[in-house]
Amino acid sequence: MNSHHSSRHHHIVGIVKGPGDSGNEYVFITADIQPVRIGEFVYYELSHSPSATSNSHDGAVRQVLGKITGCRLIEHLPDRMFADHELNPGAVAALIGFTCEPSELYEMTVEVIGEFHKVFGFNNLRRLPLPGAKVYLAEDQLLQDVLNKKKPEMPGAAHIGSLLLREEGAVPIALDVKELVSTHVAILAGTGSGKSYTAGVLVEELLSPKNRAAVLILDPHGEYDTLTQMRGNSKFQGEDGYQPQVKIIRPENIKIRVSSLEFYDILTLLPQMSDRQQAILKKAHDEVRRQYPDRHWSTQDLIAAVYEVDCVEDEEGKVKHGSSADALAWKLEKMQRSDYFHAWEHLPPKELFTPGQVTILQMNEIPLEEQQVIATAILRQTNHARMNTQKGRVCEDDEQYLPYPVFILIEEAHRFAPAHEPSQCKRVLRMILSEGRKFGLGVGLITQRPGKLDSDVLSQCMSQFILRIVNPVDQESLKHGVEAAGRDLLRELPALSKGQVIIAGACVNTPVLCRVRQRLTTHGGDTLDAPALWQQYFDKHKQLERTVATAGAAPRPKPQTAGRRSLE
């Protein structure tokens with residue numbers, strides 16, 4: 001329906017009483033509480049005066065949208081009538097001649113969002129409605145037009161779900177993928193509130209024919225392999241025959257080149273070291289980089305450099321090795337035995353990123369320190385590749401050539417950018433988050449402990465998906481890290497159910513409460529059903545299987561003897 005010309009038929013929900021407590025609020029009075037829930041969108045109308053700016057045509061009606069933030073009962077039957085549960089207060093009121101219908105009145109507080117402009121977004125006119133003005137419930141179509149930067153089926157849109165306060169599917173919520181991947185996104189949630197599910201929906205949208213993104217997922221738990229169901233799935237097929245690709249790199253196939261590691265990466269991988277050992281290692285690392293600027297060096301080269309650097313001359317001028325070299329060599333040999341760090345083998349960017357492909361780097365079963373170094377090396381290399389390609393420093397046959405924007409989704413982000421401990425990965429992430437948009441490198445961070453995630457890293461994610469969070473420490477950290485979401489929406493956090501999400505920031509026009517849509521692929525992160533598995537242990541056929549397995553082969557019967565002679 002046309003939102004401008006049919007306002008006569010619009011649903012009136014109340015009449016304006018006057019301004020609210022802050023300069024951006026007004027209150028209206030209503031007797032019908034049903035349609036006006038907290039978080040619901042309403043609007044009032046302003047007419048252009050002839051003296052208005054010349055680009056607006058006279059007589060046009062401006063719809064000023066607002067969000068209900070509070071509700072207060074201001075008039076009701078005397079409390080005495082509610083004291084006896086045998087009596088119906090309404091019947092008593094009628095009996096004593098109290099005939100004012102209805103008997104309850106509510107005062108609703110509305111925070112003004114503003115008038116929507118297709119180019120500039122919401123413009124707050126700073127003109128509150130006059131007392132007596134009508135307040136209308138915003139129609140589904142109006143909300144679809146003003147909340148989303150993109151229509152759900154348009155290229156560059158990610159249809160993530162629908163507005164929570166309306167019927168399912170009535171107001172689809174579509175995010176702006178360009179903003180999402182260039183200004184970075186954080187998905188924050190408590191355990192079991194559906195964050196990986198929401199991330200799965202987001203990846204499905206990024207790989208749909210309208211987006212065809214190049215996505216890498218760093219997956220420490222192995223939760224995302226169900227995305228392989230996108231292969232050959234007709235729902236993801238483009239009219240030109242496009243089909244998304246899913247590539248899974250299992251832990252045994254993860255290869256990082258030792259010469260791509262910086263000194264602090266190597267330090268992370270080695271056990272505790274004395275200051276002298278660290279100084280020797282730093283000199284040796286600088287030495288191998290100087291010796292082999294154009295070729296890749298190995299851990300063995302680094303060990304050789306350690307012995308070279310750690311030399312002392314005694315009084316007689318004889319050169320002997322210092323005490324640190326042997327200890328360092330022993331520690332470096334531990335790194336050499338690692339399955340993930342090699343002299344030559346490597347995962348070049350072109351293997352990790354292709355438009356229309358999601359690559360899932362499974363890091364389950366890899367120790368945490370090694371996970372951190374693998375993530376650091378990949379993030380740093382991708383950043384360099386995008387930067388060098390953008391600046392024309394590398395040509396097509398170079399392994400650093402990466403000619404398209406990419407998006408990296410990091411699950412359990414608090415492991416890689418912890419709040420209160422030093423981490424090389426955190427430094428690289430901070431750099432990418434502040435400069436990535438220039439080079440088309442987008443990052444998505446997923447965590448169930450926002451309080452443990454570095455606040456600088458969190459504050460640089462300009463789009464936020466916030467799901468149910470009950471932990472007070474995490475709730476508190478959000479208030480500082482997430483500016484875009486209105487305080488009123490953050491109050492909803494403990495009350496959200498699974499799959500309900502607050503979306504705020506650069507990818508939507510104003511913060512919204514959204515119901516995440518059904519995934520097209522199945523979810524891989526479900527919790528094990530312990531009671532069911534315990535019950536299964538006692539199934540008849542399982543018990544039989546165990547009996548058979550433990551019994552082994554039937555023993556041979558002993559030969560019978562009388563005295564010492566066999567009876568057979």
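**Entry 1: R517 and E204**

I looked up R517 and E204 and found that their side chains meet in a salt bridge at 3.1 Å, N to O. I count a salt bridge when a side-chain nitrogen of Lys or Arg is within 4 Å of a carboxyl oxygen of Asp or Glu. This is a predicted model: I take local features only at pLDDT of at least 70 and side-chain atom pairs only at pLDDT 80 or more, while totals for chains, interfaces and linings use all residues. I number residues from 1 along each chain as its sequence is written, and side-chain values use heavy atoms, with hydrogens and water left out.

R517 lies in the loop between β22 (512-516) and α16 (530-537) and E204 in helix α4 (residues 195-206), so the pair ties together parts 313 residues apart in sequence. My element names follow DSSP runs numbered from the N terminus: helices are H or I of at least four residues, strands E of at least two. I noted both R517 and E204 as buried. For burial I use relative accessible area with a 1.4 Å probe and protein chains only: under 20% is buried, over 50% is exposed, and in between is partly exposed. Salt bridges with shared partners join E204, E205, K210, R517 and R519 into one network.

**Entry 2: Other salt bridges**

How many salt bridges are there by this rule? The count comes to 20.

I picked out E115 and R62, whose closest N and O atoms are 3.2 Å apart in a salt bridge. E115 is in strand β5 (residues 105-117) and R62 in strand β4 (residues 61-75), 53 residues apart, and the pair links distant parts of the chain. I found both E115 and R62 buried.

I then checked D140 and R166, a salt bridge with its closest N and O atoms 2.7 Å apart. D140 lies in helix α2 (residues 140-147) and R166 in the loop between β8 (157-163) and β9 (172-176), so this pair ties together parts 26 residues apart in sequence. D140 is partly exposed at a relative accessible area of 30%, whereas R166 is buried at 11%.

**Entry 3: E370**

E370 is found in helix α10 (residues 368-390). I looked for a salt bridge here and found none, although E370 is buried; the nearest side chain of opposite charge is K334, 6.1 Å away.

What does E370 touch, leaving out residues up to four places away in sequence? I list L269, S338, Y340 and F341, with contact meaning heavy atoms within 4.5 Å.

**Entry 4: Aromatic pairs**

My search of the whole structure gave five aromatic pairs. Y26 and Y44 form one that is edge-to-face, 5.3 Å centre to centre with 90° between the planes. Rings of Phe, Tyr and Trp (its six-membered ring) pair if their centres lie within 6.5 Å; planes under 30 degrees apart are stacked, over 60 edge-to-face, and the rest tilted. Y26 is in strand β2 (residues 25-30) and Y44 in strand β3 (residues 41-47), so the pair ties together parts 18 residues apart in sequence. I noted that both Y26 and Y44 are buried.

F263 and Y264 form another edge-to-face pair, at 5.3 Å centre to centre and 65° between the planes.

**Entry 5: Positive phi**

E365 has a positive phi of about 75° although it is not a glycine. I located E365 in the loop between β17 (357-362) and α10, and it is exposed at 75% relative accessibility. Phi of E412, also a residue other than glycine, is positive and near 55°. E412 lies in the loop between β18 (406-410) and α11 (413-416), and is buried with a relative accessible area of 7%.

**Entry 6: Strand β1**

I traced β1 (residues 12-19) to β7 (residues 134-137), an antiparallel pairing over three bridges; strands pair if DSSP finds at least two bridges between them. G14 stands opposite V135 in β7. β1 also pairs with β2 in the antiparallel sense, over four bridges, and V16 has F28 in β2 as its bridge partner. A hairpin through five residues joins β1 to β2.

How values were computed: Lys, Arg positive; Asp, Glu negative; His and termini not counted.
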